[in-house]
Amino acid sequence: MPRVSQDHLDARRRQILDGARACFARYGYEGATVRRLEEATGLSRGAIFHHFRDKESLFLALAEDDALRMAEVVAEQGLVQVMRDLLAAPEPDAEHPADWLGTRLEVSRRLRTDHEFRGRWAERSRQLTDATRQRLVRQRDAGKLRDDVDIDVLTSFLELVLEGLVSHLAMGLPADDLEPVLDLVEESVRRHRRSG
């Protein structure tokens with residue numbers, strides 16, 4: 001029997017994550033049944049669960065994958081850019097769900113309701129916080145970040161704004177006028193040079 005290449009396994013894993021992202025965004029964690037996951041990925045339950053132990057492991061892998069991708073954006077462009085990307089994405093129930101929003105909404109909901117999930121997620125969520133903090137340190141060292149507020153406070157501030165934005169979007173509130181709000185958030189962490 002021929003061995004399956006690592007590239008093929010990686011492509012299959014990516015196919016599962018992409019399909020699962022759409023399924024979880026559309027139906028939520030509970031509504032993303034195995035049958036719906038099969039339909040969304042185009043694969044059998046055996047193929048899906050060959051790569052992931054169970055539905056929760058699949059969801060955590062997806063959330064971790066999205067958090068890693070968000071951390072990459074943070075490292076390059078900052079956490080406010082992640083928020084701008086969330087605003088620019090289509091509605092969660094659209095044909096093509098928002099890339100990170102659906103997962104982020106479901107993570108937020110499960111953190112409130114599932115103590116065991118909260119523990120498992122805490123291990124994985126540090127990467128976004130670490131990326132935000134490292135970016136802020138680099139910005140401060142370059143003289144672009146205000147220096148009268150501790151880096152950890154600024155990190156918490158930006159994370160709270162992100163969670164507030166996610167909650168706002170989850171409630172279906174209008175988001176077309178939030179770009180100036182994000183401009184204000186970005187401006188609030190910048191260093192202002194005094195004139196004269």
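Among contacts (heavy atoms within 4.5 Å) between residues at least 6 apart in sequence, 69% join residues at least 24 apart. The structure is a predicted model, in which local features need pLDDT of at least 70 and side-chain atom pairs count only at pLDDT 80 or more, while totals for chains, interfaces and linings use all residues. Residues are numbered from 1 along each chain as its sequence is written, and side-chain values use heavy atoms, with hydrogens and water left out.

**Overall composition**

The protein has nine helices and zero strands; helices (H or I, at least four residues) and strands (E, at least two) are DSSP runs numbered from the N terminus. Of its 196 residues, 39% are buried, a term that denotes under 20% relative accessible area, with exposed meaning over 50% and partly exposed in between (1.4 Å probe, protein chains only). The protein exposes about 11400 Å², of which carbon and sulfur atoms supply 49%; accessible areas come from the Shrake-Rupley method with a 1.4 Å probe, and for residues only the protein chains shown count as cover.

**Helix 1**

Helix 1 (residues 6–31) has 26 residues, yet its end C-alpha atoms are only 32 Å apart, short of the 38 Å that a straight helix would reach at 1.5 Å a residue. That expected span is 1.5 Å times one less than the number of residues. Helix 1 bends by about 80° at alanine 25, the bend being the angle between axes fitted to the seven residues ending there and the seven starting there. Alanine 25 is itself one of the buried residues of helix 1, which also include Leu17, Arg21 and Phe24. The buried residues of this helix pack against helix 2 (34–41), helix 3 (45–51), helix 4 and helix 6.

Aspartate 65 is found in helix 4, and arginine 84 lies in helix 5 (residues 79–88).

| Residue | Relative accessibility | Contacts |
|---|---|---|
| Aspartate 65 | 13% | Arg14, Leu17, Arg21 |
| Arginine 84 | 13% | Glu179, Leu182, Asp183, Glu186 |

The C-alpha atoms of arginine 84 and leucine 178, 94 residues apart along the chain, are separated by 9.0 Å.

**Helix 9**

In helix 9 (residues 179–189), Leu182, Val185 and Val189 are buried. They cover an arc of only 55° around the axis, which puts them on the same side of helix 9; the arc is that of the directions from the helix axis to the C-beta atoms. The face turned away from this buried side carries the exposed residues Pro180 and Leu184. The buried residues of helix 9 pack against helix 5 and helix 8 (151–170).

**Nonpolar cores**

A nonpolar core is a set of buried Ala, Val, Leu, Ile, Met, Phe, Trp, Tyr and Cys residues joined through side-chain atoms within 4.5 Å. The largest has 27 residues, of which Leu79, Met83, Leu86, Leu128, Leu158, Leu162 and Leu165 touch the most other members. Helix 4 (55–77), helix 5, helix 6 (101–113), helix 7 (115–141), helix 8 and helix 9 each supply at least two residues of this core, and helix 8 gives the most, with seven residues. Leucine 162 touches Met70, Leu79, Met83, Leu86, Arg104 and Leu128, not counting residues up to four places away in sequence.
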